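This report describes selected strands, ring contacts and ligand contacts of one model. The sequence and the structure are shown first.

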Amino acid sequence: MLDQSLKNQVAEYFKLLEKEVVISVDLDDTENSRDLKKFLDELGGLSDKIKIKEEELKFKPSFSLSSDSSSGINFAGIPLGHEFESFILAILQVGGRPPKIDDKTRERIMAIEDEMNFETMVSLSCHNCPEVVQSLNIMAVINPKISHTMVDGSVFTDYVEDLGVLAVPTTYVNGEIFNRGKISLNEILNKIKKEEVDLRLEEKPIYDCLVIGGGPGGATAAIYAARKGITTALVAEEFGGQVKETLAIENITGIAYTEGPKYMEDVKAHLDKYKVEVIEGLSVTGIERDEKLKILTDKGNLFARTIVIATGAKWRLIGIPGEIEFRNKGVAYCTHCDGPLFRGKKVTVIGGGNSGIEAAIDLASIAREVLVLEFLPELKADKLLQDKLRGFKNVKIVTNAETQALSGEKFLEKITYKDRVSGQVIEEATDGCFIQVGLVPMTEWLDNVKKNPRGEIIVNEFGATNLEGIYGAGDCTNSAFKQIVIAEGSGATAALGAYNYLMTKGN
Ligand SMILES: Cc1cc2nc3c(=O)[nH]c(=O)nc-3n(C[C@H](O)[C@H](O)[C@H](O)COP(=O)(O)OP(=O)(O)OC[C@H]3O[C@@H](n4cnc5c(N)ncnc54)[C@H](O)[C@@H]3O)c2cc1C
């Protein structure tokens, strides 16, 4: 089940174990149970500090980890794919290697007094799931009142269907919904008990350059500004941007392959080498010109001589009835994450551009039937992708289709669209709908800077906007293409433009 090089790697990790780890396993007579037994036997053979025993547990097949006492960590299913790292980390933590968190976070976890039994529904191909699983496992290993079970939705299909989960990760606590989607350890702790952090914005200096946005565009702008020796800050609602939602990245020059979360960790480590004040958890709501530039945020104001706006973009809504109501109840955006929950079902993809056709190709090998709806008379995706999609027998492509509504009782059941040539209104049964109609720039909060009809900030060759001292970079601007290296290039341009402005006109 595991190849030799992976086994060698795992054996090296297991040498770090400081104490015995007991894996208590509950199996039945299914293929999944046989696979789980094989998986655990192979791993058990890699260290004499791993012991395996049988025990009755809530899920079959599943296992729990314990050492001197129960760790509260359980895995229902086989934690392969993106959850393999979660499993190895859990074993190490239960085996005496402390999780890498700061003292304050540890104290906040230990201070939780209520019994909290978490369950997270995941798919093994979901790249947003491990952060949630690993965060809750850390909480379980630190606080005996907390337990956490990772539940593989493609193994426990009935359980997940009964709960009505159609998007992963979805987390329950004590049987009640806790969170849908990705959530960090800090956000989990804030959800349990809000921590009032005083960012002391009034004590901050007037920055030479303040960057808004923590994606690749903003991070690069901040690095370039700091390297010029000017006082620099980067504020963001959350560091990482869209790249954190991305699985495989194969088009960053010099990096043949990486994954989104890993890449943004590397970018953060690079940024941390410079004197940049990073303020996360801050939402910018406007910019005014006071004596200096005044940046309005949800937690107070900041001041700067120049600003680089790099607030990126988010999924575009199509604005039809049912789109919001059935979100996570059939309406989804990420095929890597949620695709496996639609195994054997009928799904629809709206959008015939590259992202839509890539999504349809992914889904064609999972779902029973895939319907692709494109508004225009022809698909806009690259020919190579179109040819690949047409090779699947379970895919139906409809062009000139105007989607009108998504409907159902509790969950999505039906999609209604109009044939734009004949005018005929057609209803099709569908279990899921992946909306892939592009991105919208995150610039609604900005009213005084000139934007194009799409809402993108208009910048010139120096990254400058129509307002003195204000620059733009990345997906929120009118750049012809939206890509990581393009956002980074424009971040560099904007920071250098801002620096030149300071040197010539700024004060
Ligand atoms: C699923 C997916 C797959 C992709 N795959 C690839 C790929 O393989 N290769 C590639 O080159 N590109 C890919 N892209 C595109 C790439 O991710 C973007 O082009 C890039 O992230 C744009 O960077 P950015 O810095 O402009 O903005 P973003 O990455 O969107 O970052 C925006 C930042 O601004 C912050 N922010 C937003 N509004 C505010 C506010 N009001 N106040 C404070 N902060 C705010 C956000 O929290 C975030 O930190 C993909 C995109 C998606 C969605």
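Which backbone oxygen does the side chain of Thr477 reach?

## Basis of the model

The model is predicted: local features need pLDDT of at least 70, side-chain atom pairs count only at pLDDT 80 or more, and totals for chains, interfaces and linings use all residues. Residues are numbered from 1 along each chain as its sequence is written, and side-chain values use heavy atoms, with hydrogens and water left out.

The side chain of Thr477 reaches the backbone oxygen of Gly474 at 2.7 Å. A polar contact here is a pair of N or O atoms within 3.5 Å; within protein, one must be able to donate a hydrogen and the other to accept it, and residues adjacent in sequence count only if both atoms are side-chain atoms.

Thr477 is placed in the loop between β27 (470-472) and α13 (484-504). Helices (H or I, at least four residues) and strands (E, at least two) are DSSP runs, numbered from the N terminus. With a relative accessible area of 2%, Thr477 is buried. The term buried means under 20% relative accessible area, exposed means over 50%, and partly exposed lies in between (1.4 Å probe, protein chains only).

Strand β1 (residues 21-26) has six of its six residues buried, so it is largely enclosed by the rest of the structure. Both of its faces are covered: Val21, Ile23 and Val25 are buried on one side, and Val22, Ser24 and Asp26 on the other.

Two strands are taken to pair if DSSP finds at least two bridges between them. Five bridges link β1 to strand β2 (residues 50-54) in the parallel sense, and Ile50 in β2 is the bridge partner of Val21. With strand β3 (residues 62-66), β1 pairs in the antiparallel sense over five bridges; Ser24 stands opposite Ser64 in β3.

A crossover is right-handed if, with the strands pointing away from the viewer, the path from the first strand over the helix to the second runs clockwise. Helix α2 contains Asp35, which counts as partly exposed at 25% relative accessibility. The C-alpha atoms of Asp35 and Pro61 are separated by 9.4 Å, and the two residues are 26 residues apart along the chain.

Strand β10 (residues 232-236) is mostly covered, with five of its five residues buried. Thr232, Leu234 and Ala236 point one way from β10, while Ala233 and Val235 point the other way.

Strand β9 (residues 207-212) runs parallel to β10 and is joined to it by four bridges; Val211 stands opposite Leu234 in β10. Five bridges join β10 to strand β13 (residues 276-280), again in parallel, with Val235 opposite Ile279 in β13. A right-handed β-α-β unit is made by β9, helix α8 (residues 216-227) and β10.

## Aromatic rings and charges

Rings of Phe, Tyr and Trp (its six-membered ring) pair if their centres lie within 6.5 Å; planes under 30 degrees apart count as stacked, over 60 as edge-to-face and the rest as tilted. By this rule the count is 11 aromatic pairs. One of them is Phe84 with Phe87: the ring centres are 6.3 Å apart and the planes are at 35°, so the pair is tilted. Both residues lie in helix α3 (residues 84-94), three residues apart, about one turn of the helix. Phe84 counts as buried at 12% relative accessibility, and Phe87 counts as buried at 0%. Phe39, Phe63, Phe75, Phe84 and Phe87 form one aromatic cluster.

A charge sits over a ring if NZ of Lys or CZ of Arg is within 6 Å of the ring centre and within 35 degrees of the ring normal. The charged end of Lys191 sits over the ring of Phe178, 5.3 Å from its centre. Lys268 lies over the face of Phe239, at 6.0 Å from the ring centre.

## Ligand surroundings

Of the 31 residues around the ligand, Gly217, Glu238, Gln242, Val284 and Ile484 come nearest; a residue is near a molecule if one of its heavy atoms lies within 4 Å of it. Polar backbone atoms lie 2.8 Å from a ligand oxygen atom at Gly217 and 2.7 Å from a ligand oxygen atom at Glu238. A nitrogen atom of the ligand is 2.9 Å from a polar backbone atom of Val284.
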